[in-house]
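Dear colleague,

Please find below the structure that I am handing over to you. My findings follow it, and I would be grateful if you could read them with the coordinates open.

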Amino acid sequence: MNNDALHILLAEKEGISGFAFKEAMKAVKLKNVLNCVNNDDQLTEYLNNDLEKPPDILFLDLDLPFRGGFECLNEIRTNNRLKNMIIGVFSNKRSDETIEEAFVKGANIFINKPDNPFDLKDALAQVFNIFWQYHTSGLKKEIFLLNINPD
Amino acid sequence: MILQENLEKFGIPYEVNGMGEVFIDGELSPRQYGKLEASLRKYGIEFIDDHKETLVQQIKEVIMELVYMNEKLPDSRISSYIAREMNLSYSYISRVFSEATHTSIQNYLIIQRIERAKQLIVDEKLTFTEVAWKMNYSSVAHLSYQFKKTTGLTPTVFQRIIEKRENRYSASTKLNCRINRLKNCRSSRENTG
């Protein structure tokens, strides 16, 4: 069993979903370290710190200031060091085109962000349950695609 | 001492040293282990060791065998199949599995089956009909239903995303090659010139 804490990074303006993340982690009982960044500059700086191992999973808001999530996604997926990092994108844009674009640009998970933090908590718990199987069973990250639509 | 009483009850040889530590002679069979654990649980004593990890690993192997044999068993038969393979009660197996992996055996099996379906689509370029047939799904509709339920995407959308990703990747490699060729051209011209 992997006893090391799961390293999660949340990239979102003001980290408003932090509460839902903490509650979801409590619900699934996974040991974890949760860090937050609030804009793309902080994200780039955090991920390019060579002294630290990249997070196991990044949750990226498509509306992240300043350049937006898609731009960050592009940048991350061209960086060899971050190739294996699982990326979950979340957004309240729910069109099929947005979802597909996110996956094509390298997201592994798409979460349709509900307004209610408790619904978000449930959606995240579902994500972590499946993600955990990938993390512990050595499943192929290249074909790991998960679309969560809580409605 | 509860532990000693129980070890004797199940006929497990043991020794106690001066520190009050109990040493069990030899290895416990999974059966003995399960019984001892169930009995000690009544006293609120929990086992902490590598045994469960090994057990979970074995369960996963049995599940993978099922997936790669492309056998689709009805739910009721999965439990008896795994219990028989492991020679332990299913209730014990499923409890240990859920505690350690944060998911149920049924769920794990579905995740692995869909994972296999994805590999067949991506790596072996099989059609959905071929995948459904090979993996013993009753129909393409049933495969699509379970695929969508597990991944949130239909097999068609999944396939399109993977193709677009591959195109993006090969397009960017081609572009890089062209840039490199141009650079080489220029530098050789500069050298000769």
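This is a predicted model: local features need pLDDT of at least 70, side-chain atom pairs count only at pLDDT 80 or more; totals for chains, interfaces and linings use all residues.

A:Asp56 counts as buried because its relative accessibility is 16%, below the limit of 20%. The partner of A:Asp56 in a salt bridge is A:Lys53, with 3.9 Å between the closest N and O atoms. A:Lys53, by contrast, counts as exposed, because its relative accessibility is 61% and the limit for that class is over 50%.

A second salt bridge links B:Asp123 with A:Lys140, and here the closest N and O atoms are 3.3 Å apart. B:Asp123 is located in the loop between α6 (105–122) and α7 (128–134) of chain B, while A:Lys140 is in the loop between α5 and β6 of chain A, so this pair joins two chains. With a relative accessibility of 46%, B:Asp123 is classed as partly exposed; A:Lys140, at 31%, is likewise partly exposed.

A further example is found within chain B, where the side chains of B:Glu115 and B:Lys118 form a salt bridge with an N to O distance of 3.5 Å. These two residues lie three positions apart in helix α6 of chain B, which means that about one helical turn separates B:Glu115 from B:Lys118. Both B:Glu115 and B:Lys118 are buried. Over all chains, the structure contains 16 salt bridges.

I turn next to the interface. Between chain A and chain B, about 2,300 Å² of area is buried, and carbon and sulfur atoms contribute 52% of it. Each chain is represented in the contact, with 26 residues from chain A and 26 residues from chain B. Three salt bridges cross the interface of chain A and chain B, and the pair of B:Asp123 and A:Lys140 described above links the two chains. The interface of chain A and chain B also has 16 residue pairs in polar contact, both residues being at pLDDT 80 or more.

On the side of chain A that touches chain B, the elements giving two or more residues are α4 (96–104), α5 (117–137) and β6 (146–148) of chain A. Of the residues on that side, α5(A) supplies the largest share, namely seven. Sorted by class, the side of chain A that touches chain B comprises 14 nonpolar, seven polar and five charged residues.

Finally, the fold of chain A. Chain A contains five helices and six strands, and along the sequence these follow the pattern β-α-β-α-β-α-β-α-β-α-β. The C-alpha trace of chain A extends over about 35 × 35 × 30 Å along its principal axes. A compact globule of 151 residues would have a radius of gyration near 15 Å, so the 14 Å of chain A agrees with that expectation. Among the 151 residues of chain A, 53% count as buried. Considering contacts in chain A with a separation of 6 or more, 69% are accounted for by residues 24 or more positions apart.

A colleague

Conventions: Residues are numbered from 1 along each chain as its sequence is written. Chains are lettered from A and ligands numbered from 1 in the order in which they are written. Side-chain values use heavy atoms; hydrogens and water are left out. Contact means heavy atoms within 4.5 Å. Buried area is the accessible area (1.4 Å probe) that two parts lose on being put together, summed over both. A salt bridge is a side-chain nitrogen of Lys or Arg within 4 Å of a carboxyl oxygen of Asp or Glu. A polar contact is a pair of N or O atoms within 3.5 Å; within protein, one must be able to donate a hydrogen and the other to accept it, and residues adjacent in sequence count only if both atoms are side-chain atoms. Helices (H or I, at least four residues) and strands (E, at least two) are DSSP runs, numbered from the N terminus. Ala, Val, Leu, Ile, Met, Phe, Trp, Tyr, Cys and Pro count as nonpolar, Asp, Glu, Lys and Arg as charged, and the others, Gly among them, as polar. The radius of gyration is taken over C-alpha atoms; the globule rule is 2.2 Å times the number of residues to the power 0.38. Buried means under 20% relative accessible area, exposed over 50%, partly exposed in between (1.4 Å probe, protein chains only).
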